[in-house]
Amino acid sequence: MKAFSKFFIDVADFFALGFKVLGGIFTRPAYISEAINQMYLIGVQSLPIVALTSFFTGMIFVLQTGHAMAIFGAKMYVGTLVSLSMVRELGPVLTALVTAGRVGAGIAAEIGSMKVTEQIDALRAIGVNPVKKLVGTRFLAGIIAIPALTVLSDGIGILGGLFIANSIFGISPQFFWKTVINALDINDIIMGIVKPFIFSILIIWVACFMGLRTRGGTEGVGRSTTQAVVVSSILILVGDYFVTQVLIWILGM
Amino acid sequence: MIELYDVKKSFGDQIVLRDVNLIIPKGKTTVIIGQSGCGKSVLLRVILRLTSLDDGRIIINGKDTSGYSEDEMMPIRRKIGMLFQSSALFDSMTVWENVAYPLLEHTDISLDEIDKRVLDLLDFVDMRDAVDKLPGALSGGMKKRVALARALVANPDFIFYDEPTTGLDPITASRINRLIRSTQERYGATSVVVTHDMVSALTVGDYFAFLDNGVIQFVGSQDEFLRNDVARLREFLKEAAPKKFIEKFIR
């Protein structure tokens, strides 16, 4: 019973943090340079690992499906499959999981250490709102950087697919590219942008929440970091299903 | 002046501040002493409202802040410089940035003027050589000195010291004590020092308050403090400092 009520208090605090961030967005100071700095940390610095992950995913995807599709004589259309899957599913989810691990853990650890070393209290004592200064700026950076990363990830994954389609299945790049473009319509693009936008909010929200509620020294920081990654990964995977379902209704796909 | 009336604070079942009544006079150094874990630091945090207040009234410069929200406390906090026990320097910023931060955040003063004020304060605490260092490269005593410069930079009306000498060697501790004294003389701010270090307390204090069992058991001048007849305080004094040391302060 105690654990049960504690869970609800946590959920309430989680939403309270969200409202505080929303309330802070429209008041001064705006901390623009801090947000740009965070965009660099979240976006640019995550690019290599996101690129690596999606390039290999595209490669494996074509390698696996190419052989299977060859059975039905549809090997030529592997480009259609890889572009739809990358843009609608794999790009958003993989990028979100990788950034949850890299960025989410980083944010939870950084804010968590600031909490246990009284730096958050020092900010408050100086008269600075830590939610606005630390959480607001990361939200702003995340909702711009993570969707941008996702778009790049989609492209790089498709390039990985192209590489295998050409070198192993002998599909010409021109033809592959044509199947990729023909497969996509506006609804796929919308889905591919809406998802990372929602995932980015989840990742930053969970990471900042876990960071701010850190207690109990360095051990607590470790716990918060782990929880941030676990909770946001679960929310991404479960949320992906519901977001997809809702988008299919709305877009009438 | 800070006035506390019937201030209460508990964490769960644990009562930390039972009923605190205390007046902290303007322009003087008030030392709050008590055992570790008696709630001295909580008292400072409650005045700043870094920790919420359960019940009672806190009046700062004539303003009753008891019902203030986090946003309403912000301008009050800017008038109070806080030296945290762990120094709490921002470890991603250099010494200069740490000290300049309150001014950069809240004022439109030109960078030249900020620089002048920061360097002036770093001179005062004798840390000018470390201006470009990160806090990670500093010792505990050095961090305290930088944190003191940061607490002073916005010209606060009040300065709170949370266990300023805890964890420092005796030589560094006495240096910090001298700094607290000269801060008082130079800036004339109202200081509140929370400590269980009797040497520190007697060196820096004008007024003394003894917090025990969640209640202020004694308030008075140094003379009254050393000649007090509160049993718990006499016991504390006996254990906390050598008799000879205390006799030195009795005129």
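## Helix pair in chain A

The crossing of α3(A) and α6(A) is right-handed; a crossing has this hand if the near helix is turned clockwise from the far one by less than a right angle, and is left-handed if anticlockwise. The contact of α3(A) with α6(A) involves 17 nonpolar, 8 polar and no charged residues. Here Ala, Val, Leu, Ile, Met, Phe, Trp, Tyr, Cys and Pro count as nonpolar, Asp, Glu, Lys and Arg as charged, and the others, Gly among them, as polar.

Helix α3 of chain A covers residues 47-71 and helix α6 of chain A covers residues 130-167; they pack at an angle of about 40 degrees, with their axes 7 Å apart. Axes are lines fitted to C-alpha atoms, for helices over the stretch in contact, and angles run from 0 to 180 degrees between N-to-C directions. α3(A) and α6(A) are therefore oblique to each other (under 35 degrees is roughly parallel, over 145 roughly antiparallel, 65 to 115 roughly perpendicular, the rest oblique).

## Model and confidence

This is a predicted model, in which local features need pLDDT of at least 70 and side-chain atom pairs count only at pLDDT 80 or more, while totals for chains, interfaces and linings use all residues. Residues are numbered from 1 along each chain as its sequence is written, and chains are lettered from A and ligands numbered from 1 in the order in which they are written.

The predictor assigns the complex an ipTM of 0.89 and a pTM of 0.88. For chain B the average pLDDT (the predictor's confidence in each residue, from 0 to 100) is 90, and 100% of the residues score at least 70.

The C-alpha trace of chain A spans about 70 × 45 × 35 Å along its principal axes.

In chain A, 10 residues are in contact with 15 residues of chain B, contact meaning C-beta atoms, placed from the backbone, within 7 Å. The chain A side divides into 4 nonpolar, 3 polar and 3 charged residues.

## B:Ser191

B:Ser191 lies in strand β8 (residues 190-195) of chain B. B:Ser191 is buried, with 26 other C-beta atoms within 10 Å (20 or more is buried, 12 or fewer exposed, in between partly exposed; C-beta atoms are placed from the backbone).

Beyond four places in sequence, the contacts of B:Ser191 include B:Thr29, B:Ile159 and B:Tyr161.

Conventions. Helices (H or I, at least four residues) and strands (E, at least two) are DSSP runs, numbered from the N terminus. Two residues are in contact if their C-beta atoms, placed from the backbone, lie within 7 Å.
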